[in-house]
Amino acid sequence: MSDRLGYLLKHVLAQLTEAQTTALAPHGLNGRDLAVLAAIVSGEPLSQLEVAARLRVDRTSIGDLLDGLEERGFVERRRSPEDRRRNVVVLTSLGESTFETAERIRLEVEREFLAPLPSADRFRDDLRLLLGE
């Protein structure tokens with residue numbers, strides 16, 4: 001089994017996810033939460049559906065994720081200042097500071113996780129190549 005690419009990718013992802021979950025837990029986040037926060041801070045204010053599209057998740061899933069983040073005080077839904085008919089999702093001040101801390105943690109976890117490789121940058125480039133980026 002260990003020579004099957006799908007098996008290898010699945011188990012590498014499981015190990016990385018476990019390491020990130022453990023490291024982010026004290027901050028009230030997991031990897032999916034952090035991905036949502038990253039999508040929200042990545043530019044102009046986005047609607048809930050735009051966040052879902054950016055993350056390639058369905059609208060039910062993003063609703064549940066945003067509800068959880070909102071309950072913990074990391075995000076809030078507001079009327080768009082440009083279009084009062086549109087609601088956008090924004091980080092609260094707690095969300096911003098938690099995101100900054102969580103991003104530092106994510107980068108450190110990834111650095112440690114990829115440390116056994118001769119070139120972490122090359123590995124990332126190869127993955128992007130496989131994704132067609």
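User: Which residues of α1 are buried?
Analyst: This is a predicted model. In it, the buried residues of α1 are L16, Q20 and L24.

User: Where do they sit, seen down the helix axis?
Analyst: They fall within an arc of 65°, so they line one face of α1.

User: Why would residues spaced like that point the same way?
Analyst: An α-helix has 3.6 residues a turn, so residues three or four places apart point the same way.

User: What covers that buried set?
Analyst: The cover includes α2 (31-41) and α5 (93-114).

User: And which residues are exposed on the other side of α1?
Analyst: K10, Q15, E18 and T22.

User: How many residues does α1 have?
Analyst: 20, covering residues 5-24. From first C-alpha to last, α1 reaches 28 Å, close to the 28 Å expected.

User: Switching to α2 and α4. At what angle do they pack?
Analyst: About 90°, with their axes 10 Å apart. The two helices are therefore roughly perpendicular to each other.

User: Which residues make the contact?
Analyst: α2 brings R32, D33, V36, L37 and I40. From α4 come S61, I62, L65, L66 and L69.

User: How many of those are nonpolar, polar or charged?
Analyst: Seven are nonpolar, one is polar and two are charged.

User: Now the whole chain. What's the pattern along the sequence?
Analyst: α-α-α-α-β-β-α-α. That comes to six helices and two strands.

User: What does the C-alpha trace span?
Analyst: About 55 × 30 × 25 Å along its principal axes.

User: What percentage of the residues count as buried?
Analyst: 28% of the 133 residues.

Notes
Residues are numbered from 1 along each chain as its sequence is written. This is a predicted model: local features need pLDDT of at least 70, side-chain atom pairs count only at pLDDT 80 or more; totals for chains, interfaces and linings use all residues. Side-chain values use heavy atoms; hydrogens and water are left out. Helices (H or I, at least four residues) and strands (E, at least two) are DSSP runs, numbered from the N terminus. The expected span of a helix is 1.5 Å times one less than its number of residues. Buried means under 20% relative accessible area, exposed over 50%, partly exposed in between (1.4 Å probe, protein chains only). The arc is that of the directions from the helix axis to the C-beta atoms. Contact means heavy atoms within 4.5 Å. Axes are lines fitted to C-alpha atoms, for helices over the stretch in contact, and angles run from 0 to 180 degrees between N-to-C directions. Angles under 35 degrees count as roughly parallel, over 145 as roughly antiparallel, 65 to 115 as roughly perpendicular and the rest as oblique. Ala, Val, Leu, Ile, Met, Phe, Trp, Tyr, Cys and Pro count as nonpolar, Asp, Glu, Lys and Arg as charged, and the others, Gly among them, as polar.
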